[in-house]
Amino acid sequence: MSDALDDAVGPEAPDPLLEQLRAIAAAFTEDEADLARLFDTLAADVDRARREPLPIFPVIHHSPASAVHMVRWLRERRPKLVFIEMCEDLVGLVPDLRDCTLPVALQAFAGEVEGHPASWTPLSVVAPLTEFSAEYQAMAYALQDPEVELVFVDRSVDHVFQWADRTSDPETPVHDDEDDDEEARLHGSAVGIELGGIEPTFRDFHDLLLANARMTHFEEWTSLYVEEPTIGANTATYRAILFLVGSLFRRLGSTPHAREEIRRRDRLMWTRIKGELAKRSVPPEECVFVCGAAHAVEDGCPEWGLASEALYDPGEPTDTRWLYGFIPSSYAAIELQFGHARGAVAMAESRWKKALSTWNLEPYTISRKPPRTKPKVAKPPMQLSLDMVLTGPPRLADADAAELLGWVTGIVQAARKNRYLASTADAIAIYETSILLARMRSRKRPSPFDFIDAAETCLEKGRPPGRRSVRQLCNRMLGGDRVGQVGYDSLPPLVQDVYDRLAPLGITAQTRRITRVLLDFTQEPEKRRCSRLLWRLSWLTPGTRVARPIMGELKLGMEPRQESWDVGLHGAEQRAVIQLAFEGVTVEQVLEKRLSADTFGQEAKTVTALRAVEGSLILLDNPRLSEALGRRSIELLDAEVGADDAEEIFATVRRLVAHFRTTADGLPGWLQDFVATGYAHYSTQLPEGFADRGTRPEQLAAMLAFVFTLESLALAMGCSRSQLVIAIELAGTQTAEPEKKGLLWAAEWLVQLRDEDELRRAFADVLEHPLGRQAYPRYLSGLLAALSFAPRIAPLGVELLGRAFAELPDRVLLPWMPALLTSLRDRQGDVLPALFKEVTRTLPRSLAALDTWVPPWDQATDTAETPSTPVRSEAATAGRTLVGAHPEATDAWARAVGAAGSWGEVPVEAPSETGEPHPLLVAHPDALQSWSRLLGR
């Protein structure tokens, strides 16, 4: 840095400024040599910038002081050629600002890149403008006078990315929790072009400034030490202060990388300025160079200044095709883009309006209305010298006290409306705390930042009771947010076409609110075209409020009679539609392009292709596109491995088949081929799916549903069922998971590899096994999943489900219940109807029938375990006959043991025809003889 300081120090530095700076150095350090050397350099930078033949006008980003002095300079000097630090290829957009409502942003967009890392796509650059931007005032001045030329001299948007660090993505705005509103995200992920950014990139220097000033945000420092002292000073003093600030921050507040980037841009801008002056016969004194304060001084740049003959070659841009246009901007988006404190831009607007009123200034504007022939007579600024600005504090105006009172009463009123318990005592506390904070921060009067901190301290007691915090309420009260609008003539053709086609609904480029649209097609059938456009916009801009359906639904083969929409084409919604214009000329072209990209892209899958087919049928009337997308889906299915998307594929194909069967032409050829290919594809993958633990039972059920539901169509297309039977047989030898077993048994039953009795016995074996009983619910879950493609299995499913509830213990049944209910809820469209129908058929139809009702699972048990006709042996028959003929003995034993009862009718069976006793009685006659003696026989 010492070489740069030696080169910058010259003998012609201004003595008053140099002496003032050296006095400061001597006052703050004993060895003031190094500090004095720095101050000599700063003074030399200011002097050189002043003496440059081409007038340099330094500015700060969205600074009202810069804009005020820009207006004064232009009205006094009337330059013929205006150079602005802005991307050179954005200058063609400036005339179209006449149709825009500020704030808006100039935008360059590239959806495909050449020469840049592919991971950066899409590339987008925005340059936001407000009325109190100094560069906007210069643009408006140039457009009002046809004899004035406007030239942008900074790097092209392509060089913005060429010069970026390729090891990381370009800097994009970071969204914090406070920026929840959509207006703060109007710029999206675009890289912002900031003219006049002076915030130090050297963090130690940045933090030191704020710590010594007892401030939180850098905007507070700028407001106190730059804005307030210079906004009322004369232009010469303003320029000197900005030269000094730019030199200080460039030499001490910038990191080496940032300083090198500034120097590189300086070399390019001065090269372009020299080239433009060489083409014209305009003397440098009749020109002006509007640039950021950091670019207004020289720091080892050989091309700096008109006296230097050095030129710089930045290199050729890449072959990336850039598209240019406008997008709406907002104060919140600008603050988020460039890291400003919330509410900083709104407060800058209030200072701008206050300055215009104080000094009776008339700003330049860009509009189709002719400018006033006689501008206002501006009041002269205060004659503040550079020494007065550097040493004296800001003057306290009487209006400032009244302004603070207005802020205090306004925030208390706003807090009450948002359910804060604010009182008059809180208003007094906020007023006094604001003054206290200002004095702690070496200010004579409270700034908006002091007021916001005071209000938050006095009112915020914890969690906000409403939607907005105290800080947000303060920001809204001090100026709020402002959202711009791009005018009709400045819009790209696609957006103009959207406005033209929605004109019958009363939606124009001047509409600034959400419009509720009610469509009754029975009364106004011509508005169906508007409805189709709204559905396409809703599909292309998901998650936005561009077109949000309130009532109505668009499905295959369905035409609603009535619809209701919320339509918004302003602010963030207008930006979303403008982004579509970078992809095509009409909405239909963009829709077709996106559908094709989803289907033919490298990441395309079968399910994405089928979604694209369904979308083309619903939203576009283009049979050739649908045919091409359908053929591509067949290719993707044939190459697909696994069953991750089987559920959605089956559901989509079933909808498509049902739709085309209702049309006059029937199923198209591509859909028939898809069904045949899917039948063979999923049949082949069944054994692997049952064996793979990563394949879920739901996915297997979807594969089987595709095969069995569409089997008739597939067989008509030449497929063979033997392929499916072989696959199921192979799957039976490879699966061990209970859910898959239950699903497989159902599939075997469908292809007649297992009958219903065998299926029932398989579940009975699981239930009777001591270890299998624990897994019985999992087997049953697999069987119930088969109801989606085998509704005939519903009676058996109800029977087995009832048996589970009847016989399983609670420790097994209760943990299974949530999973059962969740799975059935997910299948309420196909499984539950068949299940409920069978349960309704099985249950008793009246209360009287409930007493004699036998559950089907008990009937099945009796049938399986108890023969319908009892078969008895000969000995049993003889014993039954003997007991029935002599009941006294049995009655005596009953009385002895305390049992009561009646015989009823006991059938007496005939003895054996042979008359021979049972072999057991012959072998052991003693017991029979004892009974005979006891009975006296």
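Which residue forms a salt bridge with Glu 588? I opened the notebook with that one, and kept in mind that I'm looking at a predicted model.

**Entry 1: Glu 588**

I looked up the partner and found Arg 501, with the closest N and O atoms 2.7 Å apart. The pair ties together distant parts of the chain: Glu 588 sits in helix α21 (residues 587-600) and Arg 501 in helix α18 (residues 493-502), 87 residues apart. Next I checked how covered the two ends are. Glu 588 has 19% relative accessibility, so it counts as buried, the cut-off being under 20%. Arg 501 comes out at 26%, so I put it down as partly exposed.

**Entry 2: Glu 648 and Arg 611**

The side chains of Glu 648 and Arg 611 meet in a salt bridge, 2.7 Å from N to O. Buried or partly exposed, I wondered about Glu 648? Glu 648 is partly exposed, at 33% relative accessible area. Arg 611 counts as partly exposed too, at 42%.

**Entry 3: Glu 739 and Arg 778**

Here I found a salt bridge at 2.8 Å, N to O, between the side chains of Glu 739 and Arg 778. Glu 739 belongs to helix α29 (residues 738-750) and Arg 778 to helix α31 (residues 772-785); they are 39 residues apart, and again the pair links distant parts of the chain. Glu 739 is buried, with a relative accessible area of 19%, while Arg 778 is partly exposed at 38%.

**Entry 4: a network**

Which residues do salt bridges with shared partners join into one network? I noted Glu 88, Glu 149, Arg 272, Glu 276, Lys 279 and Arg 280.

I also ran the search over the whole structure, and it gave me 46 salt bridges. As a reminder to myself, side chains of opposite charge can pair when their charged atoms come close.

**Entry 5: Arg 155**

Where is Arg 155? I found it in the loop between β5 (149-154) and α6 (157-162). Arg 155 is buried, with a relative accessible area of 7%. Its side chain makes a polar contact with the side chain of Glu 261, at 3.4 Å. Setting aside neighbours within four places in sequence, I listed what Arg 155 is in contact with: Cys 87, Glu 88, Val 160, Trp 163, Glu 261, Arg 265 and Leu 268.

Methods:
Residues numbered from 1 in each chain as written. Predicted model: local features only at pLDDT ≥ 70, side-chain atom pairs only at ≥ 80, totals over all residues. Heavy atoms only, no water. Salt bridge = Lys/Arg side-chain N within 4 Å of Asp/Glu carboxyl O. Helix = DSSP H or I, 4+ residues; strand = E, 2+ residues; numbered from the N terminus. Buried < 20%, exposed > 50% of the residue type's maximum accessible area, 1.4 Å probe, protein only. Polar contact = N/O pair within 3.5 Å; in protein donor to acceptor, adjacent residues only side chain to side chain. Contact = heavy atoms within 4.5 Å.
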